[in-house]
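Here's a quick tour of how this protein is put together. Have a look at the model first, then we'll walk through the pieces.

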Amino acid sequence: MIYQRSSALFAEAKKYIPGGVNSPVRAFKAVGGDPIFVKKAKGAYLYDEDGNKLIDYIASWGPLILGHAYEPVINAVVEKAQNGTSFGMPTEIETELAKLAISMVPNMDKIRFVNSGTEACMSAVRLARGYTGKDKIIKFAGCYHGHSDSFLIQAGSGAVTFGSPNSPGVTQGTAKDTLLASYNNLAGVKELVQANKGELAAIIIEPIAGNMGCIVPTDEFIKGLREICTQENILLIFDEVMTGFRLGKGGAQEVLNIKADIVTYGKVIGGGLPVGAFAAKTEIMDFLAPDGPVYQAGTLSGNPLAMSAGLAMLTELNNAPEVFKSLAEKTAYLHKGIVEVLTEKNVPHQINRFGSMISVHFTDEPVVDFASSAKGDNDTFKKYFHGMLERGIYLPPSAFESYFLNDALSYEDLDATINALKEIDL
Ligand code: KE4
């Protein structure tokens, strides 16, 4: 495949945009080479600036669960735009999307819309701190909740000391209130909770992790978190920016049968336009301004154009929940095909899958947390990524990402993906 125009566009972009991209993962740093510039997309296919057609497995990192340029969503956005895109005033459509979203997920009474998953998670933590009157939070190594300072933290020196910044610009003052635990390690969480008794406002987690590749919690772990939070008056925050409206109508709360105290959303809820959200019971949500003391705001929050995309998307999913089963079956089919090929090639691999989230790890150890995910062989991953790209298959350009299948993918597309893998010398 030829990527000349993409490379030329990348060189031009780098003159005006840091790293040539508006989000780092797009720059192919983890896999090498120049990123692909896309011209348009439809259904399961991307059409890049060099005229290549690619089968898409990132779906804009999750939002486009029904495929690109999905008619009902496009029509809703085009129609809404005719009457203005944003007013900075309340509109009926915000209530329509709020009512629909709340009707689809368990256990939530009210929802506030923002413009990204980062904003949703940042606001959820502020709300938890304001509601509980406590400062510290626990997050998990390898879980990503957006780029708010409180989340850009790596493990501190000792098991029970606070975290340290993992990005310049994040202060130690901020880092001291974020504690880091390991996914699927309940004992470690208990140790942190005991060492910080009475100081923890929240534990925030990706209930099915997608930012270490896909990692599924053990029953004991996720149920244990719920119990600890209930016992210790800590709010459990489910970051469902990836899983919300992807794993099922009710997201991870529904499929795991666990009730969180605050849930954050993004991606699918915006139908491909910038929408994030966070939700909780009335008692918690009413702590938010303007009625409550916890301040949170946004010029474009709930803007009718983004709301129209989200409403069209959730309406489709609410009226056709069989999509989730179809997606899970397609993901299982892809899983089986990849296992057969990599086994035949005698390549050590672990494949983690939950619903329509899946990831391939080139290691023979089970991938259950960030440390085990980091043991994947990145040289093999790079060969895999570029080998698939050369054959028209667009995968996430990082071993620490989940694939996001869209329901426009056909079984022929899945077979083409599996056959492309057969041709690669890993
Ligand atoms: P955004 O601010 O990017 O909308 O959402 C942040 C976020 C929060 N929580 C979870 C579980 C997430 O996965 C994300 C964002 N996901 C990444 C993909 N790993 C977005 C891609 C990117 O950073 O460009």
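## Two domains

The protein chain splits into domain 1 (4–69 + 321–422) and domain 2 (71–319), with bounds that come from an automatic or database domain assignment. Their C-alpha centres sit 25 Å apart.

A word on the source: this is a predicted model, where local features need pLDDT of at least 70, side-chain atom pairs count only at pLDDT 80 or more, and totals for chains, interfaces and linings use all residues. Residues are numbered from 1 along each chain as its sequence is written, and side-chain values use heavy atoms, with hydrogens and water left out.

## Where the domains meet

At the interface, 31 residues of domain 1 touch 33 residues of domain 2, counting heavy atoms within 4.5 Å as contact. About 2,500 Å² gets buried between the two domains, and carbon and sulfur atoms give 68% of that; buried area here is the accessible area (1.4 Å probe) that two parts lose on being put together, summed over both. Phe324, Phe354 and Met357 supply 27% of what domain 1 buries against domain 2, more than any other three residues.

Glutamate 71 and lysine 42 meet through their side chains in a salt bridge, at 3.2 Å from N to O. H11, S13, S14 and helix H12 (370–373) each bring at least two residues to the side of domain 1 that touches domain 2, and S14 has the largest share, four residues. Helices (H or I, at least four residues) and strands (E, at least two) are DSSP runs, numbered from the N terminus.

## The three-stranded sheet

S13, S14 and S16 line up in that order as an open sheet with antiparallel pairing; strands pair if DSSP finds at least two bridges between them. Strands S13 (350–354) and S16 (403–404) are the edges, each with a single partner strand, so one side of each has no neighbour in the sheet. S14 (residues 357–361) is joined to S16 by two bridges, and methionine 357 stands opposite phenylalanine 404 in S16.

## The four-stranded sheet

Another open sheet runs S1-S2-S3-S15, with mixed pairing. Its edges are S1 (38–42) and S15 (393–394), each with a single partner strand, so one side of each is left without a neighbour in the sheet. S3 (residues 53–56) pairs with S15 in the parallel sense over two bridges, and isoleucine 55 has isoleucine 393 in S15 as its bridge partner.

Key
A salt bridge is a side-chain nitrogen of Lys or Arg within 4 Å of a carboxyl oxygen of Asp or Glu.
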